[in-house]
Each structure stands twice: as C-alpha cells, then as structure tokens.
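Work through the exercises below with the sequence and the structure open. Try each task before reading its solution.

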Amino acid sequence: MRVSYEWLKELVDVPADPQELVDEFTRTGTEVEAIERMGAELDHVVVGQVASKEPHPNSDHMWLCKVDVGAQNLNGDGEPEPLQIVCGAQNFEQGDKIVVAMIGAVLPGDFRIKKSKLRGVESCGMNCSERELGLGDSHEGIMILPSDAPVGMPFAEYRGMADTVIDCEMTPNRPDCLSMAGVATEVGAMLDVDTHMTMPSIKQEHGVGPDGADDVSSLVDVQIDDPQLCPRYTARVVRNVKIGPSPEWLAKRVLAAGARPINNVVDVTNYVMFLTGQPLHAFDLGKLSERDGKRHIVVRSAREGEHLTTLDEQDRALTPDMLLITDDRERPVALAGVMGGLNSDIDEGTVDVLLESASFDSGSISRTSRNLGLMSEASIRYERQVDAASCADVSNIAAALFEQCCGAEVVRGMVDEYPLRKEVPAIVLRPDRVRAICGAPIEDEFMTKRLERLGCTVTPTDGQLSVVPPTNRPDLEREIDLVEEILRLWGEGDVEPTIPAARNHPGGLTEEQRRVRLIGSTLRACGLCETSTYCFADARDLARLGMAREVKGVPVRIIRPLVSEQSEMRRDLMPGLLRAVAYNKDHGVPNVKLYEIGRVLFGRENKSLPDEQTYVAGVLSGSWEDDSWNRKHLSLDFFDAKGVVEELLSALRIQKVRYRVPEPEHSAWLQPGLAAEVVVRGAVLGWVGNIHPQTLDLFGIDEPVVAFELSVEALQRLAQDQLPYEDVPTLPGVSVDLAIVVDEDMPYEQLVQRITSAGGKLLRDVRLFDVYRDPVRVGPGKKSMAFSLTYRSDDHTLTSKEVDKAHGRLVTKVMKSTGGEIRS
Amino acid sequence: MAMQDDLRAIEAQFTKSLANAQNMEALEKLRVSVLGKKGSLTSIMRMMGKIPPEERPAMGRLANTVRANVDEALKQRTTDLTKKALHERMQAEAADVTLPGRRISQGTQHLITQIREEIEDIFCGMGYIVADGPYVETTYYNFTALNAPENHPSRSAKDSFYVVDNAPEGKPPLQLGDSDVLLRTQTSGMQVHYMEENEPPIYMICPGTVFRPDTADANHLPQFTQVEGLVVDEGITFGDLKGTLDYFCREIFGKDRATRYRPHFFPFTEPSCEVDVSCGVCHGKGCRFCKNVGWLEILGCGMVDPNVFKYVGIDPEKYTGFAFGIGVERVAALRYDLPDLRMLMEGDMRFLRQF
C-alpha cells in the first residue's frame, strides 16, 4: 500500500517529518518497505530572482546574471549571496522570478549541473526552461514564475510536486489499511490525534423518465444468485459524462497511489478505491444490453466453457468456481472483483456510466485471482475482505466526484441488493485480562481511548468494557483481538521483560538425545566432518545402488517437485553422501571424510504417513591427511571405515558385535570381499564396506570410497549407559607370542574364538600383531597369523611352569580345532 | 720416607690423569688403576704393616687423606661428566620448534547442527525439553489446528510441497495441493502434537528440518531448519515472551545486542510480533550489512491464539502461553555473513572444516 504523505496530511494530523511516522508505523506493526520521495529529480532546483543582468563580456548573445536564491547559497559569513550564472536566454529581465538548477542538481536525461566556465566566465548553475525540467516542450526561453513565488523555495515544493510515499506492507488481517482512510484512522490511533475526513457529497440528483419522476430502479435491476458469494451489490447511474483528462489534483493522487491516470471516470473510481478501500467498477451503460428499457445485472457463477476478454485484452477461460457480473444473465461483462470485461469498458465515447460498488466472498476472489494468475488492485482488496456495510456510502462519494470532475448528472437513487447483512456483535473486554496477558500496567482509559480512535464503540459495563468494532475490521472478533490492538498501540517494546519460572517442569535432553550427540562427537573424534545433504532424492538413486525394493519400501513422492532430481524423499543416506564425495573430488579436494545423521522416509502402502527413521552414515576417501614432514599416510581402506564403526559401537558400549559377509544380492552397492554386515545378537545394525566400483562410476567418482551406514534406532536400542567395573590388574602378566599357520579361508574371528576358548581362565588378552603370507615359507593357500597372548592370575604371580603348562595346553587344543601348525 | 713420597706421587699422578679422563669409561679405568684390587693406592695401603710402628700413625693419616682426596675428586668428576653427557645429548636432540606438530585432526560439526545444539542448550538451561516431530504432516497439523484459514496462501501448492497420499480413500476431493499430506513447511505443527500429548506446564522447543518450494539460490534453500518454541503455563505473559527471547538473543548473538519487537500477524499467535536484533556490525546506526536499517530480523513469535488451545482442548482462561520460531540458517548467515546458503548442503570439506 502506497501512502502519500501529502494526501495523508489532509486526512489526519501527522508529524512534519515523515521519518517520525515511519518509526511509529514500525513500532505499531505496519511494516514499511520503502520510502520514496516524489519530486526528488528536482533536488537542488529552487525559485530564484534575477538580481542583475549584464551583457557577457565575451559574447554578444549571452548574459551574465546574479540570481538571488535566498538562503540556498550562503557566503563565508553565513549571509545569503546571489549566484553568478551565465545565461543564453533572452526572455527575462532583472527582478523576474525564475527556476534555478544549482550545482548538484541532476535534471531529466541525467543532465548534471556542475560549476563551469562559459567563454571564460564562471557559471554556478543554470536558469531552466520547461523542457529542461521535464515539465513540457517549451524551450523558447527560461520559465518565468509569478512574482509571488518565494525566493529560495525548492521548486518541487513550490509546484506541489514534492511528496513522500511510504510504501507499507500490510499484514493479511488488515484489509482496512488498504485505504488512505483506513491508514488515517490507524495513524490517529497510533499518535492519539484527530482525523478529519470530509467526503464530497452529491450536489443534485436527477430524476429520469417522463417528467423526471423515476429513479435509477427504472434503468437498472440487480439479481444475485448466491448471497454467500456476493453479500451486497449496489448500482448507481450517472449520465452525460464528459470523458477527458482528470484535474491535476486527482491525477496526482492516483499517480502517488501507484496507478496510471487514464481518464476522469476511471481515475475517479481508482481514487475512491485508494481512499476508501472499496473497489469500484464503471461500466459503459450504453454497452450493456437493454430489455424492457432496463439493464439487468446478474451476479452468477461462470459456466463450463465460458470465456471473457478482460480489460487487459487477455482472453480468459472461465471455470464454474469463478464469479461473474453478467448482462441479463447471458453475456459476462466482468470477472467479479478481479477485472472488468473489454466489452463494457469506458472509452472516449462513453456517455452514461453504471457504477458498481459491491462486496464479494474473499475466498472465491482469491482462488479466481490465483487460478488465472491475475492480480489487480481490486482483487488484492477483495481477497482480504471488503466492508459490505460501506458499499453505498462509497458509491455516493464516487458519484459526487463524477459530478464534480466529469460534469455528470447523477441519477436519483441507488439499486442496493443486500441479501446478506452481517451484524457486528459486541465483544466483552476485561481490562484486568488485558493486563494479565500483556504483563503490562496498561490503564483502562488508554484502552478505551485508543479503541475509540480505531473506530470502536466502547461502553463500560460492570468493570468490563463492551466493544463494538467498526465494520471494516473483520479481524476484531474476540477479546484477544482487542488485546493485540491495545498492546501494539501501547508499545510491545515497553513491556518489562521477565523470564518464566518453569515450575514443576524439569527440562533437559533425554538419554536418546544425549546419545545422538555422542554418536556425532565420536565420529568427529575419529576425524570425520559432519555434513548435511538434501532429504530429497532422485527416483533413480536406489537403482544406482542396487538396493532392493523389498528392503526399502515405496518412496514418498512429491506431487510438484522443483527439479526432477528431487522428486521423492530419500530412503537412504548414501546417495547424498556419494554426491558430496563427487563434489569434493570435482573441486580438487582429495581427502574426504564425512558423516551425516539424517532422516530417511519409507512410504507405506495404504497409509498416508510414511515410516520415518534416522540413520548415521559415513564416507571415507583419499587418506586421513595429506602427508606431512614427519608422517606419511596410507590410502583409506576398508579397515579404516571398520575402525570408525568399532570405535562408535564401543563409545555406545555395544558389545558382542559380529561382522558377517553379506549375501551378494543384499549388498549390490558394495565390493564383494570388502563388505560386512554389522550384527549384534542376530540383529543387523547396518553395514560397512567399499562402495562397488560400478556404483562409484554411476556417481561420477573414480577413486575408492569406503563407507558405513547404521540404524540410529538400532544403536539406541543396543547402547548401554554403563558397563560393570573390572579390577585394574595389580599383578604382572606374562606375554607369549604364538604364530599359527592356517588355511587362507579361516576367518580371524573364528581363530580368535578357538584360542580364547582353549586358553582357560589364565588367558587374559589375545592380540593379532601380524599376518604373513609366503608360498615357500608359509605354503600356498596358507597364512601365518601371529598373536601376542597375555597370561595372568588375579591372586598370585604366575610361575614360568604355570605359564608353560597353560600355553602348552592352548597350543595343542588350537592345533586340533583348527588344523593349523605352529610356525617357529 | 719413601712411602710418603710414593703417596704424594700417586696423588699427583691421579690428579693429572683425572684431567685427561673425558668420559665415564676413562674415569672408571682411572679409578681401578688407583683404587682397584691391584691399584696403586691399594698396593701401598697393603704395605702399611711393613713400616716401623712409630711411623704408622702419620703414614696412615697421610694415606687416608690421599684416599679421601681421590674419592672426592672421582665423585666430582663423575658428576661433571654426567652433566656434560646430558648436555650433549640434549644438544643433539634439539629441533626447529617452528616445524608443524603432529596433529590428530578431529572432524568438525556442521554449522547448522552447532547452532541448533547451542539453541537447545540455551533453552534446556531454562527448563525446556527438546521434542522431535515428523517431516511428513497432514494439513490438519501443519495448518488447520494452527488456525490457518482454509484459503490461506501458505496452503497453496506454490508454498508447500504436497506428497502423494497412499491412502486417499474416504477423504473429500481436494484441489489445493491435490493431497492432504505434505512435507511440513514449519515446525509449528509440533505445538499441536505436543499439546495433544502433554498437559501444561509445557516448556518445549522443537528443532527440525522444514521444506518449502523455493528454488535453491544464494538466499533460499528448499529445505532448511527451524526451532519451534512453546510455553504453556498459568500466568504466562507477553513480558515472559520478551524476557525469554531477550535472553536467547543475547546468548546467541552477544551480550551487547539489543532487541526490538515489531507487532506482526501470524494465524496461530495473538498478539504476534517479529523480533529484530541490533546489527552486530554497526550496532543500530545502519550499514551495508543490515541494509541501513540498523536491525536484523531473526524470529517470529507471539502469545498462543486461544483458537489453537481450543483445537487441543486446553482451557485458554486457565492457561496462557507463547510460541516462537527461529530460522537456524538465518542465524548462521547473520553470524558468519555467509555469501551463499547452498554451501550448507554441498558437503565441501573446505567449507565444513572452518567451523
């Protein structure tokens, strides 16, 4: 809403400085988007008076003038001093009032006024012609102003072109503020000042028919099909309009409000709409069909297949949910509340005008406007609800202006179909309740006064207030709505801040939330950086990974995705992380170590809502760090990723973890032989492994990537807060090394299990420290696995005899159970 | 007096050799040559019985003195040589301490998670709990129960991602987004879920991802993070809302930052306002960073609308409350003056490593 300050000044007492009002707007909840100074192109252009005029010493047609500009130019002592200006015009004399562009002015056409020399004489400005000021075509000479023009006054101010337009963003609950009158009322309440809104009235109404006995109802009737969609429709007729340009004051107001002046009739309807917030529509009465000597306006819904060419010359295909103004029911002549039809528009030939002032259902207008992609000043207002109660008053204002500005004769009377009258019920306002909700000592008088300024009727009853809001405030229905009005006018900024006690409410994170943080901090301690990827997915993502539909279910599909790569919700974190790896590699970052804790969504057949689960996943590629002067790094491989998983499970105190070779059909995205399922007590938590080179290829990655993905819900289920304390050993242990040669396919996990069960209670630790293969020394198809075994007793220091005995037994058992050999 | 001369000669010879003993081995060799079983001094001491008895006391004293001198000198020399050896070793070990250290590099936490956890901690400190809610919602929770009118523009398919409803049977025919199910456009729906499931007093925040159909560019992401807050208790005032959010703003932006409350409109709160924090660059004077306003908009809030209480069966006469919504990306962008929000979603190690 563009609020012209000059216009507002006529309606309410405002501060001299618009910035003061802007601050008040902000304080009370009207958002100011921009402040526009009209006439700014005439900055540094002032009224001057020719103090002296002498011939230019070096020219036979130029003049050397001293021009008095009052206080606009001061000498070193702060005294006004005339400007020396060289001028080539011939149409002025000493004593004339003229228009001076001083240094710093930028005239239309980006013509910058600077200090200059003309034929060797300094000139500090320019005397302007109309054309130079952009005011007309006259370039015969400079502009000569009437002799009463005040010297030194900015020219824009002198011409009444100076204005400040405050562009306000009105919140959707305030339809009243989409009008100058509404804004003036708001300003009155804001500043606690009086409004003075005097509206023009009709001077003379004319009868029609033989001997002028009939009124407008003999010319027009109105029929409304559905009062819900059109609670009120008024029609007035004015005759013998003289179409022409609007008077300057009218054109100026319309222009400041943001519309283009068209002709006096159209400008009046726009002006009145900007003034009152009630959209009006003027039909050319002569273009409406006549039956039985009357025009028949019918407000009805559009029919399937109907078309209307709107004023913007666009052909609009109509649908039955759109409301139309029709000519005798058959021919659409306007899209109700949105835009008029081209078939009944005002043009130079218009003589008689039918003026519509009506109220339409906001939802219907909003849908029509949105579905057609057609917004107008009218639809913006109807969308937010237009006050049906004031349709007739507004129609009268417009008729008065037609009379005043278009020479029209106003036909007596008004057709007023008002099938759906709404009462505004009184609201009970408890001042104590207001203070209790606001936590502020707002006095009763303040409440009464400001609500009255807003147009409410306030009646005190038994310590309470009975408040009837004005009809143009549909947002005021309940006590709380009034509380909001009172608080914003009193000042939210002045309410004393307090912090609630939260009594009987222990806060803090849950165990599960603390554990999610622990998962993150453990992975970061392992050197991984957290990232965040889109929850959207490409429909081809899972196929790229070869993940089975049986496992992942159906996707959550977006009906209107922004881009085809984000047409559904992800069912796995890996595609997003692999894209992040590719992004880094493409941007020359060799070492990528990322994790994400994120949600995945599994759609469910015959259920509206999906199953939402949280997963944690990581990707590693490159090496831990770049090599440095004192440390070299190997490429990250399967065991780096597995180490991270082991560390994470250990931080969560999850025990009895096993790593199982997955079925190839359930791990198509992993490289066979470098893939493992993470299993605890029979339940699969997730997986760790090298991403299959073919999968990497599909994501545009040409370097190995190791990764893992675990269900956070499963981790939560298995995590333990604490494990029992174990005594710290006080007695020394004895270490014995043991290298066993076994078949290549004997897994480590199995071998350790055999050793542990053979070791008896004295064996306390088994640590693999070497794996060695050599076809000659170890044998083909064999491997040597070297362990460091620690024997210890809790109650005495072991003798070498005891150790030898225990170790000997272990070796025998392990040889037997594994078929391995001791390597000496 | 030959013994006397011998003793003096031994001492003199020892003193001379001592000066030449440059390491511990040489010193030990010297000690053995004087004090060892076959050492020069040991041999003379053994001959003590062969000298006349009247000379023995004087000779004994002299021999003991020489022996004490030798012991003392050996001890001193040992200390000196140990010190010297240590000194040499340390000299050999000295390094260029300006060389880079051997770091064990930790990973970093994503900027948005950092700020989210910071916000969680601030509110946990004030006695709040942290709730979590679904990403996919019905229009009832995302709009209706939050008092959003049926025609509210935020319900349109232009402002919300609607998703395919796998169980549309029995629902009225739809127009808006062609479905009754959508990706939540705000975390505010959790207000309704939480109030349905919990009795007041309620002190709750709900951080989470939300979705809106904004094409990703420097200032927009189709997926971003909000933190919803809700307090419902007896006697909660607008002053409580201000005190809480003032505290929050100072904790998150700094003690020297001022706040400003601008009345605004939201369907689910009344009175409602937007909160600005004073610009950290110019402190309210106006600069490029705050677009010459001096203030930066950071959150929306208000007193819970009684209509919302009615949807969840809380008595609005007994309880009042406030709610707020904070944009986490907005906080991040303001704190770091981020040039492009898309960096938050790319996973670029060079970006992530900075925080």
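**Exercise 1: an arginine in a loop**

Task: Decide whether R631(A) is buried or exposed.

Solution. Step 1: count the other C-beta atoms within 10 Å of R631(A); there are 11. Step 2: apply the cut-off, by which a residue with 12 or fewer such atoms is exposed. Step 3: R631(A) is therefore exposed. Keep in mind that the model is predicted.

Step 1: R631(A) belongs to the loop that runs between β34 (611-621) and α17 (638-651) of chain A.

**Exercise 2: the domains**

Task: State which domains chain A and chain B are assigned, and how far apart the centres of domain 1 and domain 2 lie in chain A and in chain B.

Solution. Step 1: read the assignment for chain A. Domain 1 is made of two stretches, 2-39 + 163-191, and domain 2 covers 40-158. The others are domain 3 (205-417), domain 4 (427-490), domain 5 (511-718) and domain 6 (734-822).

Step 1: take the C-alpha centres. In chain A, those of domain 1 and domain 2 are 36 Å apart. In chain B, those of domain 1 and domain 2 are 90 Å apart.

**Exercise 3: a sheet in each chain**

Task: Give the strand order of the open three-stranded sheet in chain A and of the open seven-stranded sheet in chain B, and find the edges of each.

Solution. Step 1: in chain A the order is β1-β13-β2, and the pairing is antiparallel. The edge strands are β1 (2-4) and β2 (31-38) of chain A, each pairing on one side only. Neighbouring strands of this sheet are turned by 25° against each other on average, direction ignored.

Step 1: look at one pair in detail. β2(A) is joined to β13(A), residues 163-169, by seven bridges in the antiparallel sense. E36(A) has V165(A) as its bridge partner in β13(A).

Step 2: Helix α5 of chain A, residues 248-256, lies across β1, β2 and β13 of chain A and runs at about 140° to β1(A).

Step 3: in chain B the order is β1-β4-β5-β9-β8-β7-β6, with mixed pairing. β1 (129-130) and β6 (259-266) of chain B each have a single partner strand, so one side of each has no neighbour in the sheet. Between β6(B) and β7(B), residues 269-278, there are seven bridges in the antiparallel sense. Here Y261(B) stands opposite V275(B).

**Exercise 4: the nonpolar cores**

Task: Say which residues touch the most other members of the largest nonpolar core.

Solution. Step 1: this core holds 242 residues, and those touching the most other members are L8(A), V238(A), V272(A), A336(A), V353(A), A398(A) and F402(A). Step 2: helix α9 of chain A, residues 391-406, gives the largest share, ten residues. Step 3: follow V272(A). Beyond its neighbours within four places in sequence, V272(A) contacts L280(A), V394(A), I397(A), A398(A) and L401(A). Step 4: note a second, separate core of 27 residues, with V50(A), L64(A), V69(A) and M126(A) among them.

**Exercise 5: the contact between the chains**

Task: State how many residues each chain brings to the contact.

Solution. Step 1: chain B brings 77 residues and chain A brings 79. Step 2: on the side of chain B, helix α8 (residues 238-253) supplies the largest share, eight residues. Step 3: that side divides into 37 nonpolar, 24 polar and 16 charged residues.

Key. Residues numbered from 1 in each chain as written. Chains lettered and ligands numbered in written order. Predicted model: local features only at pLDDT ≥ 70, side-chain atom pairs only at ≥ 80, totals over all residues. Domains from an automatic or database assignment. Pairing = 2+ DSSP bridges. Helix = DSSP H or I, 4+ residues; strand = E, 2+ residues; numbered from the N terminus. Axes fitted to C-alpha atoms, helices over the stretch in contact; angles between N-to-C directions. Contact = placed C-beta atoms within 7 Å. Core = buried A, V, L, I, M, F, W, Y, C linked by C-beta atoms within 7 Å. Buried ≥ 20, exposed ≤ 12 C-beta atoms within 10 Å, placed from the backbone. Nonpolar A, V, L, I, M, F, W, Y, C, P; charged D, E, K, R; others polar.
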